[in-house]
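Here is a short report on a two-chain model. Please keep the sequence and the 3D view open while reading.

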Amino acid sequence: MPVQYYIFLSIALFCIGVMGVLMRRNAIIIFMCVELMLNAVNLLMVAFSKMWADAGRVDAGSAQIFVFFIMVVAAAEVAVGLAIIVMVYRNSHSVDINIMNRLKN
Amino acid sequence: MGMSLQQIIFGVLSVISLVSALGVVLSKNPVTSVLCLIVTFFTIAGHYIMLNAQFLAVVHIIVYAGAIMVLFLFVIMLMNLNAEIEPQKRSWLKYAGAISGGALLVVLLAALREASVPSLKPESTDIGLIANLGKTLFSQYVVPFEVSSILFLSAMVGAVVIGKKED
């Protein structure tokens, strides 16, 4: 099966994530679209890992370790990001990102 | 032209993941968005299994579906958000966003359409098994592993500090 298929799928998922970030105003949805983009990149990396493993490279597993680290960073990011969103909601009773464009007050 | 079983499974998983990813963006209710994203994550885990990344598939389900999406769902239900109170962008901004994303899609597809990459072989490899990944992780990537644990600790402390009510 061509690796191209995985490239196209990842591009499509990534661009859906980009569209979501640009189209929505709910901070939580925007955050979820960022997760979608991260996952598109992870999927591509795993596909390339399989490609190099088929080519006989012994270090093809490194790509999967990178995916693992991306998951770790994404989990940390979600913890801090959701804490920030909860704090903003507590202060302004909204998760509209247009409220966050003035960080003062 | 016969399609192999792998291609059929790939096609089904891809269609489900694209449709549910669109559902994340287009649905009005945030809870529906979260559920669509969980479906997307499960299909991506299916892709990982198809690509012989069994360990990553399990970790992906545990971390994303088990931890991250539960956190999202918890926050959304805590805030009691629903579709009526969500502010909508002005429609020309929405169109601009959709057109920009679509332009990015077209450019990337056009750029990578002719890329010469080999095909994946149908037979399985064992690089994604936990024994091999563990060996790589704890021989070549010990320092990044420890640094990520520090990152996790600081993220936990940061989340608690930010989320704390100031009196």
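**The contact between chains A and B**

This is a predicted model. Chain B gives 71 residues to the contact, and chain A gives 62 residues. On the chain B side, six elements of that chain supply two or more residues each: α1 (5-26), α2 (30-50), α3 (54-79), α4 (91-112), α5 (130-139) and α6 (142-163). The largest share comes from α3(B), with 11 residues. What classes of residue make up the side of chain B that touches chain A? There are 46 nonpolar, 21 polar and four charged residues.

**A loop residue in chain B**

B:Leu81 sits in the loop between α3 and α4 of chain B. Is B:Leu81 buried or exposed? B:Leu81 has 20 other C-beta atoms within 10 Å, so it counts as buried; the cut-off for buried is 20 or more. B:Val157 lies 76 residues from B:Leu81 in sequence. In space, the C-alpha atoms of B:Leu81 and B:Val157 are 27 Å apart.

**Annotated spans in chain A**

An unreviewed UniProt entry places the feature "transmembrane region" at residues 6-22, 29-53 and 65-89 of chain A. Two of these spans are set out here.

| Span | Helix | Strand | End C-alpha to end C-alpha |
|---|---|---|---|
| Residues 29-53 of chain A | 100% helix | 0% strand | 36 Å |
| Residues 65-89 of chain A | 100% helix | 0% strand | 36 Å |

How values were computed: Residues numbered from 1 in each chain as written. Chains lettered and ligands numbered in written order. Predicted model: local features only at pLDDT ≥ 70, side-chain atom pairs only at ≥ 80, totals over all residues. Contact = placed C-beta atoms within 7 Å. Helix = DSSP H or I, 4+ residues; strand = E, 2+ residues; numbered from the N terminus. Nonpolar A, V, L, I, M, F, W, Y, C, P; charged D, E, K, R; others polar. Buried ≥ 20, exposed ≤ 12 C-beta atoms within 10 Å, placed from the backbone. UniProt positions renumbered as here; feature names shortened; annotations may be inferred.
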